[in-house]
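Here is a walk through one protein structure. Please have the sequence and the 3D view ready.

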Protein chains: 2
Amino acid sequence: MSAQPRLLEVRKNVLKQNDVIARALRERFRAQEIFVVSLVSSPGAGKTAFLERTLTLLRPQYRVAALVGDLATENDAVRLARSQAPVKQITTGTLCHLEAAMVENALAGWEVGELDFLFIENVGNLVCPSSYDLGEDLRLVLLSVTEGEDKPLKYPTIFNSADVAVITKMDLAETVEFDEEAVKANIQAVRPGMRHFAVSAKTGAGMNGYLQFLIARLGELMQRTTV
Amino acid sequence: MSAQPRLLEVRKNVLKQNDVIARALRERFRAQEIFVVSLVSSPGAGKTAFLERTLTLLRPQYRVAALVGDLATENDAVRLARSQAPVKQITTGTLCHLEAAMVENALAGWEVGELDFLFIENVGNLVCPSSYDLGEDLRLVLLSVTEGEDKPLKYPTIFNSADVAVITKMDLAETVEFDEEAVKANIQAVRPGMRHFAVSAKTGAGMNGYLQFLIARLGELMQRTTV
């Protein structure tokens, strides 16, 4: 594998450039008092359903918007638009992750300064997105009850790059004999102290605790910037 | 993103090198009359459970073995070993796909020539594995009923790189209101004529049709090489 070291070196340059853009984005979000949340997970873990529910529940009281990344379709933007929140699709082609520059481009022309929350749904992938900072305040890693309890152990990098874990599709937990204690232990093994929420976007169970957490974090951000 | 073209160029070299090794592997498998099946899917689609069932059902009449790729753990090899078939784990570190050279290395010291079927379970990822030929005769793309019917449209490259689609976790189809017709239409939209099997590794439903298909393909291979 003689080409490997050179590949890694070029990747490092791409990442460094990404970090510069991400830092600028973060400063801009901070100055505008926008709390930015990104979502990563494997394909089919329920990111879009969870985000649609999040937008719908927050929208009556907060100004929310979403960017959604996908390889090929605009399906997710169409689904999220049902929440009535402003949504933009980022199509990545064959690229398995979003990059900060894509977020920057997608925001051009948007009155982002008027938002309270901006959500960024990454491409469905448990590997590629882990190294790309998008300037977010909080990164959520989603894991559905149907995926198996061992995922944190098998994809430790993405769990380490995230701040909070969200266990989705809890309405199916009993049917698939989901072992929440095992998942909690596996999350703690990979990322000690990591907080998690267990939710069902379908029934709404657990959504309140998670939303209160987001709202508290927005409050902290506002306090920090106004001091 | 000025670094992008250079990154693509280096990737091309890595791919070219991979193709050379994959071609040599394929010639070797052909000469030894081994039918090689690789499995790709998103994390948690049920590759390991499906493969364990496949190995267990084939083993009484055929000589089978498996290689299984994962970023970090050897859990899958441990699970697959329950089938009593020889299994080797390939740990990829941070790499989101298997490469032909990893397969070649993993086979060193194995009496591969005595096998009828070799299965290669790729890292759980719907993007990265698509461009890497592993020398296999048949590539299966797995899609579980809990992932949503739109996955073929959202990950067209991996569906195009695969030969046959396997819909897994059919025992959950009713619970999640899975729309098989919609998935079939989406598969056909992306890869017209693609064959699919709908199975449950848990109940065994649909496994027989899929195994008969594999056995017929092994028969064709033996016929081709002995003529």
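**Helix, sheet and a buried leucine**

In chain A, helix α4 (residues 100-107) lies across β2 (64-70), β3 and β4 (117-121), and runs at about 140° to β3(A). Axes here are lines fitted to C-alpha atoms, for helices over the stretch in contact, and angles run from 0 to 180 degrees between N-to-C directions. Helices (H or I, at least four residues) and strands (E, at least two) are DSSP runs, numbered from the N terminus.

This is a predicted model, in which local features need pLDDT of at least 70, side-chain atom pairs count only at pLDDT 80 or more, and totals for chains, interfaces and linings use all residues. Residues are numbered from 1 along each chain as its sequence is written, while chains are lettered from A and ligands numbered from 1 in the order in which they are written.

Seven strands of chain A form an open sheet with parallel pairing, in the order β3-β2-β4-β1-β5-β6-β7; two strands pair if DSSP finds at least two bridges between them. Because β3 (87-91) and β7 (195-198) of chain A stand at the edges with a single partner strand each, one side of each has no neighbour in the sheet. From one strand to the next, the twist averages 20°. Strands β5 (residues 138-144) and β6 (residues 164-168) of chain A run parallel and are joined by five bridges. A:Ser144 has A:Thr168 in β6(A) as its bridge partner.

A:Leu58 belongs to helix α2 (residues 47-58) of chain A. A:Leu58 is buried, because 20 other C-beta atoms lie within 10 Å; the cut-offs are 20 or more for buried, 12 or fewer for exposed, and partly exposed in between, with C-beta atoms placed from the backbone. Not counting residues up to four places away in sequence, A:Leu58 touches A:Val64, A:Phe117 and A:Leu211, where contact requires C-beta atoms, placed from the backbone, within 7 Å. A:Phe117 is 59 residues from A:Leu58 in sequence, and their C-alpha atoms are 9.0 Å apart in space.

How values were computed:
Two residues are in contact if their C-beta atoms, placed from the backbone, lie within 7 Å.
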